[in-house]
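This report describes selected parts of one protein model. Look at the sequence and the structure first, then read on.

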Amino acid sequence: MLIKTPRQFSILAACMLSLLSVVAVELTLYLSGVTINQRYILMMFFVLLILCYLIIYYLLEKLITQKIRLLYRTIHNFKINRGDFPLNMNEDVLGKTEKEVLVWVEKSREEIEKLKLQEEFRREFLGNLSHELKTPIFSIQGYILTLLEGGLEDENINRAFLERASKGVDRVTGIIEDLDVITKIESEELKLNTTKVNIVDLAKEIVESLEIKAQKRNVSLSLDLKRAGYQEINVLCDRDKVGQVLGNLINNSINYGVDNGQTEVRFFDLEDNILIEVSDDGIGIEEEHLPRLFERFYRVDKSRARNEGGSGLGLAIVKHLVEAHGQTIDVRSTVGQGSTFSFTLKKG
């Protein structure tokens, strides 16, 4: 018989002890030449059985309760009293406890791994932030020191150096403002002004605002309305925030585009949602970088990205703004063929 519960163990142990005791008594009497009525032997067996059962059951319950309560104090944060810890001796107490301990071990392992990842992210974030701020600050410091050491009186360089220092200040200000935006989004302080917006008109405005920059880079900007089938596509969103998303994605496609390249904004009807794609035929992104592309300060080509003057927080903000609308953003890319960023918005 497979013993699973403390009660089963108590009954079996009591039966064995009672039986052994009765056999020992009867054997002793037999060897002594004393005869006794079998009815008394049977009564003695049952009395011993009950007494042994009660003693074993009590001691076993007390032992298990003490040990398991001590174990539960270790794996749980709350205080456990006897009233909070009812022990059912008809259940597989040890098996149940084993399962709970295994669950606690797995949960603890996951928490430790999570803490390790958070610590690694924190160290990397602080290192990247320090590096991003150090570059413009050292640049500003260099220009100001040059001016203080005599360059201020030199009309050939004083204005140029002040303008360069001003650009460095703008760079630092941009990083701080972007960090502030991400902080507000993550702390849910950023409120969305959700209205019905014609996403086609909004995309046209963004494209027109970046047209001059695209021409300087020799990149062509266009909207593909044939796939959507109509000129007006209404979505529910915060117009300014989605405009920021589109502006960032299109601006990146221009910065990392190729000569005579093309950036196209496309729209697809997905029943309840509208899929918006910003696609280019630029340099592309290696597959190994795609999972971390939306992390803060993560750069694929660090030297080139920093020269473009970005804060390194653009795509992180884009992801947060899209997710604030309850939607998702994705990217697919092939080196040498270009990249496509796509996100969805709810139909209006």
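In helix H9, the buried residues are Gly314, Leu315, Ala316, Ile317, Val318, His320, Leu321 and Val322. The model is a predicted one. H9 spans residues 314-324, and eight of its eleven residues are buried, so the helix is largely enclosed by the rest of the structure.

Helix H7 contains Lys241. Is Lys241 buried or exposed? Its relative accessibility is 17%, and the cut-off for buried is under 20%, so Lys241 counts as buried. Leaving aside residues up to four places away in sequence, Lys241 touches Leu190, Leu192, Leu321 and His325.

## Aromatic pairs

There are four aromatic pairs in the structure. Among them is the pair of Phe45 and Phe46, whose planes are at 70 degrees; planes over 60 degrees apart count as edge-to-face, so this pair is edge-to-face. Another aromatic pair, formed by Tyr53 and Tyr57, is tilted. The table gives the values for both pairs.

| Pair | Centre to centre | Angle between planes | Type |
|---|---|---|---|
| Phe45 and Phe46 | 5.5 Å | 70 degrees | edge-to-face |
| Tyr53 and Tyr57 | 5.6 Å | 35 degrees | tilted |

Phe45 is buried, at 18% relative accessibility, whereas Phe46 is partly exposed, with a relative accessible area of 43%. Tyr57 is also buried, and its relative accessible area is 18%.

Helix H2 (residues 38-75) holds both Tyr53 and Tyr57, which are four residues apart, about one turn of the helix. An α-helix has 3.6 residues a turn, so residues three or four places apart point the same way.

Strand S4 (residues 261-270) is joined to strand S2 (residues 219-224) by six bridges, and the two run parallel. Opposite Gln262 in S4 stands Ser220.

S4 is also joined to strand S5 (residues 273-280), here by eight bridges, and these two run antiparallel. Which residue is the bridge partner of Phe268 in S5? That partner is Leu275. S4 and S5 form a hairpin with two residues between the strands, and in this hairpin Glu271 takes a positive phi near 60 degrees.

Methods. Residues are numbered from 1 along each chain as its sequence is written. This is a predicted model: local features need pLDDT of at least 70, side-chain atom pairs count only at pLDDT 80 or more; totals for chains, interfaces and linings use all residues. Side-chain values use heavy atoms; hydrogens and water are left out. Buried means under 20% relative accessible area, exposed over 50%, partly exposed in between (1.4 Å probe, protein chains only). Rings of Phe, Tyr and Trp (its six-membered ring) pair if their centres lie within 6.5 Å; planes under 30 degrees apart count as stacked, over 60 as edge-to-face and the rest as tilted. Contact means heavy atoms within 4.5 Å. Two strands pair if DSSP finds at least two bridges between them.
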